[in-house]
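Subject: Structure handover

Hi,

Here is the structure I promised you. Please open it beside this note, and my findings follow below.

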Amino acid sequence: MEWVEFESAAVAAAGFDDREHVLEIVFRSGARYRYRLVSDRIWHEFRSAPSAGRYFAERIRDHFPTEWIS
């Protein structure tokens, strides 16, 4: 899984497994979630978005099967 740190008020880091299409996001609150069926395009857009928090809210949250990790 490729991990990237974010300079975001909401998102601390995220990792993406391109073979499994799984995105894991660690939020500044410490919460960690796994999102399934995420495309490579969504991952690349998320990484390069001007606001990771806004992109997450608009394009990831409530759009993919989600699992709370911790």
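Arginine 47 counts as partly exposed, because its relative accessibility is 36% and the cut-off for buried is under 20%. One point before going on: this is a predicted model. The side chain of arginine 47 meets that of glutamate 2 in a salt bridge, 2.7 Å from N to O. This pair links distant parts of the chain. Arginine 47 sits in helix H1 and glutamate 2 in strand E1, 45 residues apart. Glutamate 2 is partly exposed as well, with a relative accessible area of 40%. In general, side chains of opposite charge can pair when their charged atoms come close.

How many salt bridges does a search of the whole structure find? The search finds seven.

Another one joins arginine 32 and glutamate 24, again at 2.7 Å from N to O. Here the two partners fall into separate classes. Arginine 32 is partly exposed, at a relative accessible area of 27%. Glutamate 24 is buried, at 7%.

Next comes glutamate 67, which forms a salt bridge with arginine 36. Their closest N and O atoms are 3.3 Å apart. This pair also links distant parts of the chain: glutamate 67 is in strand E5 (residues 66–68), arginine 36 is in strand E4 (residues 32–36), and 31 residues separate them. Glutamate 67 is partly exposed, with a relative accessible area of 33%. Arginine 36 counts as partly exposed too, at 38%. Salt bridges with shared partners tie Glu24, Arg32, Arg34, Arg36 and Glu67 into one network.

Now a charged residue without such a partner. Aspartate 17 lies in strand E2. It is buried, yet it has no salt bridge. Which side chain of opposite charge is nearest to aspartate 17? That is arginine 19, 4.6 Å away. Leaving out residues up to four places away in sequence, aspartate 17 touches Met1 and Val22.

On to helix H1, residues 40–48. Which of its residues are buried? They are Ile42, Trp43 and Phe46. These residues lie on the same side of H1, because they cover an arc of only 100 degrees around the axis. As a general rule, an α-helix has 3.6 residues a turn, so residues three or four places apart point the same way. The buried residues of H1 pack against strand E1 (2–5), strand E2 (11–17), strand E3 (22–27) and helix H2 (52–60).

The largest nonpolar core has 18 residues. Leu23, Ile25, Tyr35, Phe46 and Ile60 have the most contacts inside it. The elements that give two or more residues to this core are E2, E3, H1 and H2. H2 gives the most, with four residues.

Is leucine 23 buried or exposed? Leucine 23 counts as buried, because its relative accessibility is 0%. Not counting residues up to four places away in sequence, leucine 23 touches Ala14, Gly15, Phe16, Tyr33, Arg34, Tyr35, Val38, Trp43 and Ile60. One of these partners is valine 38. The C-alpha atoms of leucine 23 and valine 38 are separated by 6.5 Å, and the two residues are 15 apart along the chain.

Last, threonine 66, found in strand E5. It counts as partly exposed, at 45% relative accessibility. Its side chain reaches the backbone oxygen of phenylalanine 64 at 2.8 Å. Neighbours within four places in sequence aside, threonine 66 is in contact with Tyr33, Arg34 and Tyr35. How far from serine 8 is threonine 66, and what is the separation of their C-alpha atoms? These C-alpha atoms are separated by 21 Å, and the residues are 58 apart along the chain.

Best wishes

Key. Residues numbered from 1 in each chain as written. Predicted model: local features only at pLDDT ≥ 70, side-chain atom pairs only at ≥ 80, totals over all residues. Heavy atoms only, no water. Buried < 20%, exposed > 50% of the residue type's maximum accessible area, 1.4 Å probe, protein only. Arc of directions from axis to C-beta. Contact = heavy atoms within 4.5 Å. Core = buried A, V, L, I, M, F, W, Y, C linked by side-chain atoms within 4.5 Å. Lys, Arg positive; Asp, Glu negative; His and termini not counted. Salt bridge = Lys/Arg side-chain N within 4 Å of Asp/Glu carboxyl O. Polar contact = N/O pair within 3.5 Å; in protein donor to acceptor, adjacent residues only side chain to side chain.
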